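Subject: Structure handover

Hello,

The sequence and structure are below for you to take over. My notes on what was found follow after them.

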Amino acid sequence: MPFSLIPSYLFPSYLDVTPEFLHSVDITLLLSDLDFTLAPKSCRRPSQDLRDWISTLKEHGIQVVIVSNNRSSERVTEFCSDLGIPYQGHAGKPSAKGLWAAMERAGVRQTHTAMLGDKLLTDMLAANRAGVLALMVEPLGGAVTLWQKILHTLQRPFKAFAQRV
């Protein structure tokens, strides 16, 4: 398993990850982190923008599965139920096991899978270890705590190597 924190592509927001882009890189399964990637951690329900984005991806034949380390399966279950998409809970990122389990459930190989996330040490490392395309977004809600601010600062040099979309 490769050990790399460098994302393949960097997007300002999940909304910038379009079906056209995903098709151009031969992706039919998008695995995604939830907290700070698709919604702020305090958000209990999906926004209309997120609902519309998921719907557009589905219309273009792209499956979406949430892969989350979130300790509260209740919140993730409710959130994904509202969106009509499955999730792989207790994923253990940066381990690749949660990503592999989600791919197996979806019946899609690594070469057609991407992982979308906001953190290098969990999402991007797990994506690279699993051998899937690593797509990074800027975190929703930005850095709030001192630790988050430090983490975001430490991520900058690695993000500089990613292609910006």
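In this model, L50, R51, I54 and K58 of helix α2 meet F79, D82 and L83 of helix α3, where contact means heavy atoms within 4.5 Å. Of the residues in this contact of α2 with α3, 4 are nonpolar, none is polar and 3 are charged. Here Ala, Val, Leu, Ile, Met, Phe, Trp, Tyr, Cys and Pro count as nonpolar, Asp, Glu, Lys and Arg as charged, and the others, Gly among them, as polar.

The model is predicted: local features need pLDDT of at least 70 and side-chain atom pairs count only at pLDDT 80 or more, while totals for chains, interfaces and linings use all residues. Residues are numbered from 1 along each chain as its sequence is written, and side-chain values use heavy atoms, with hydrogens and water left out.

Helix α2 covers residues 48-59 and helix α3 residues 73-83; they pack at an angle of about 60°, with their axes 10 Å apart. That makes α2 oblique to α3. Axes are lines fitted to C-alpha atoms, for helices over the stretch in contact, and angles run from 0 to 180 degrees between N-to-C directions. Angles under 35 degrees count as roughly parallel, over 145 as roughly antiparallel, 65 to 115 as roughly perpendicular and the rest as oblique. Helices (H or I, at least four residues) and strands (E, at least two) are DSSP runs, numbered from the N terminus.

Next, strand β5. In β5 (residues 113-117), 5 of its 5 residues are buried, meaning under 20% relative accessible area, with exposed over 50% and partly exposed in between (1.4 Å probe, protein chains only). T113, M115 and G117 lie on one side, A114 and L116 on the other. β5 pairs in the parallel sense with β2 (residues 29-32) over 4 bridges, and S32 stands opposite L116. β5 also pairs in the parallel sense with β6 (residues 133-137) over 4 bridges, where A114 stands opposite L133. Two strands pair if DSSP finds at least two bridges between them.

Last, the aromatic rings. Y9, F11 and F21 are linked by ring pairs into a cluster. Rings of Phe, Tyr and Trp (its six-membered ring) pair if their centres lie within 6.5 Å; planes under 30 degrees apart count as stacked, over 60 as edge-to-face and the rest as tilted. The count comes to 3 aromatic pairs. Y9 and F21 are edge-to-face, at 4.9 Å centre to centre and 80° between the planes. Y9 lies in strand β1 (residues 9-11) and F21 in helix α1 (residues 19-24), so this pair ties together parts 12 residues apart in sequence. Both Y9 and F21 are buried.

Regards
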